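Work through the exercises below with the sequence and the structure at hand. Each task is followed by a solution in steps.

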Amino acid sequence: MPSLRFAVIGAGMAGILSAVKLAEAGYDGVTVYEKADRPGGTWRENTYPGLACDVPSHLYSYSFALNPGWSHLFSPGPEIQSYLEDVARRYGVEEMVRYGDEVVGLTWTDGRWQLETASGHRDEVDVVIAATGVLHHPKMPVIDGLESFAGRAFHSARWDHSTELEGARVGIIGTGSTAVQITSAIVDRVGSLSLFQRTAQWIAPAENPPYPEEVRSGFRADPASLEELHRTLSSLFEGFSASVVNAESAQMATLAEACRVNLETSVVDPELRARLRPDYRAGCKRLVISPDFYRAIQHPHAELVTEAIDRIEPGGVRTADGRLHELDVLVLATGFHVDAFLRPIEVSGRDGRTLAQAWAARPEAYLALSVPDFPNLFLVNGPNGPVGNFSLIEVAELQVGYILKLAAWLAGGTGRQLSASHPALEAFEADRVAAAANTVWATGCRSWYLDDRGIPAVWPWTFTRFRQVMAEPDLDAYDRVG
Ligand code: NAP
């Protein structure tokens with residue numbers, strides 16, 4: 001039995017996966033550190049009305065724990081949270097997790113990681129797997145007067161369930177996937193809804209049919225059919241990945257046309273339609289998928305506000321035209337600090353080099369998972385990895401498979417330390433940045449995919465290539481120490 005000791009940081013989708021796979025590989029020294037009191041990550045933190053995953057549920061599932069019981073093509077958030085909790089329980093992950101204790105420090109000393117938590121607990125491990133998430137730290141908008149608002153204001157990922165929505169005058173800032181889901185979910189219940197749009201979004205239409213009980217029992221009776229469905233969806237998405245990385249592909253043109261037709265045929269008022277029409281290409285921003293957003297925004301008591309926000313006052317939002325939009329509730333669906341990987345954990349690697357120093361310009365990792373001078377620290381869903389409209393579970397499964405191969409090398413006794421070499425990271429970054437220029441994400445829009453230079457901070461190649469690269473580590477790309 002290999003004698004490595006592991007710390008996994010985070011008990012979200014990727015942390016649960018890491019723990020399951022480490023146990024399956026026979027490692028018994030695994031502790032999962034989770035700052036909250038439950039697993040689930042983003043599905044625990046986000047509880048806003050309308051929360052769902054716009055990746056089909058039968059694809060957004062662990063391949064080893066397919067779920068015949070998904071209620072819908074795109075199942076709601078609480079169902080995904082229950083699924084993750086269920087997997088964590090069934091696969092023995094619960095017993096590995098230390099809840100309610102946040103990792104605050106990681107220090108590489110004498111060939112091992114010294115880990116420290118907020119409670120002062122210490123651990124010493126050979127390998128750290130950081131499964132700390134991407135869309136994790138809420139980004140609050142910088143708007144004058146935000147603190148002066150007299151009603152209830154909160155970020156979408158910190159939904160205040162004590163706030164009464166029935167009959168309330170609700171404002172939502174943002175038009176990303178989150179704001180769109182919230183708008184559709186609450187428009188019928190609120191007194192009025194003002195959606196503050198800074199940038200219009202292309203909306204890809206997609207119905208969300210339920211799976212009738214007979215279909216679900218069919219999946220239960222025939223698990224092979226479920227595997228087949230998972231495979232089919234996976235290859236569909238793999239095809240989509242080939243189109244987004246080639247902005248001029250025929251599939252991108254088809255997608256753009258579907259979004260255009262959706263807008264033109266769904267929105268009756270030409271003036272509203274014009275204000276909802278983006279001036280950039282479909283897919284440039286993370287595509288928003290919704291069956292009913294256009295219906296919601298045309299609801300008699302919904303208003304699309306396209307005047308810029310000037311400031312926030314106790315009574316509501318004042319726009320640049322001088323109008324006060326009076327509100328009881330203000331939802332900030334303004335996204336996340338997407339470059340905060342691992343942070344605020346203080347990480348000190350080889351020769352005292354800190355992650356803050358290594359990432360002073362921006363986060364970078366070889367193949368999105370290893371940082372030079374930080375041996376035996378591997379990231380799942382790390383910087384510049386595949387994040388665009390894919391199943392992040394599939395991404396994480398490939399990454400964890402790769403990390404397990406590195407761990408096997410470490411456990412094999414040939415050497416005890418592995419971190420990407422500086423030349424390997426430099427070459428990877430040069431190729432990545434060059435390829436990013438051909439993607440649809442670089443066709444001229446503001447989005448969270450772009451780094452501080454305006455370069456898409458994502459995997460710019462096909463998913464097929466990602467699958468191939470993850471299949472077998474190239475150990476020559478690593479500094480190996482015995
Ligand atoms: P987001 O896509 O980053 O959108 C943030 C929105 O807030 C944008 O419309 C942005 O406008 C606006 N905004 C930010 N600061 C503002 C300010 N100061 N004034 C006015 N508007 C401001 O965030 P998100 O909607 O939470 O989604 C983040 C990601 O989470 C998604 O892209 C997706 O990957 C994931 N997600 C997935 C699902 C799913 O179903 N799978 C659901 C929700 C979220 P600009 O466009 O002008 O910047």
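**Exercise 1. Domains**

Into which domains is the protein divided?

Solution. The model is a predicted one. Its protein is divided into domain 1, made of residues 5-137 + 337-481, and domain 2, made of residues 146-208 + 232-332. Next, take the centres of domain 1 and domain 2 over C-alpha atoms: 29 Å separate them. Finally, look at the contact, which takes 38 residues from domain 1 and 39 residues from domain 2.

**Exercise 2. The ligand and its shell**

Describe what surrounds the ligand, and state how much of the ligand the protein covers.

Solution. 
- Step 1: find the neighbours. The ligand is surrounded by 23 residues, and the closest are Thr175, Thr178, Thr199, Lys285 and Trp448.
- Step 2: sort the shell by residue type. It holds nine nonpolar, nine polar and five charged residues.
- Step 3: assign the shell to parts of the chain. Domain 1 and domain 2 each supply at least three residues, and helix α4 (residues 177-186) gives the most, with three residues.
- Step 4: list backbone contacts. An oxygen atom of the ligand lies 2.8 Å from a backbone N or O atom of threonine 175. For alanine 52 the corresponding distance is 3.0 Å, and for alanine 333 it is 3.3 Å.

**Exercise 3. Serine 241**

Is serine 241 buried or exposed, and what does serine 241 touch?

Solution. Start with the location: serine 241 lies in helix α6 (residues 223-244). Serine 241 counts as buried because its relative accessibility is 0%, and buried means under 20%. The side chain of serine 241 reaches the backbone oxygen of glutamate 238 at 2.7 Å. Leaving out residues up to four places away in sequence, serine 241 touches Phe390, Thr462 and Phe463.

**Exercise 4. Backbone geometry**

Solution. Most residues other than glycine have a negative phi, and most peptide bonds are trans. Proline 344 lies in the loop between β17 (329-332) and β18 (346-348). Leucine 342 is found in the loop between β17 and β18, and its phi is positive, near 70°. Aspartate 351 has a positive phi near 55° and sits in the loop between β18 and α10 (355-358).

Conventions:
Residues are numbered from 1 along each chain as its sequence is written. This is a predicted model: local features need pLDDT of at least 70, side-chain atom pairs count only at pLDDT 80 or more; totals for chains, interfaces and linings use all residues. Side-chain values use heavy atoms; hydrogens and water are left out. A residue is near a molecule or strand if one of its heavy atoms lies within 4 Å of it. A polar contact is a pair of N or O atoms within 3.5 Å; within protein, one must be able to donate a hydrogen and the other to accept it, and residues adjacent in sequence count only if both atoms are side-chain atoms. Accessible areas come from the Shrake-Rupley method with a 1.4 Å probe; for residues, only the protein chains shown count as cover. Helices (H or I, at least four residues) and strands (E, at least two) are DSSP runs, numbered from the N terminus. Ala, Val, Leu, Ile, Met, Phe, Trp, Tyr, Cys and Pro count as nonpolar, Asp, Glu, Lys and Arg as charged, and the others, Gly among them, as polar. Domain bounds come from an automatic or database domain assignment. Buried means under 20% relative accessible area, exposed over 50%, partly exposed in between (1.4 Å probe, protein chains only). Contact means heavy atoms within 4.5 Å.
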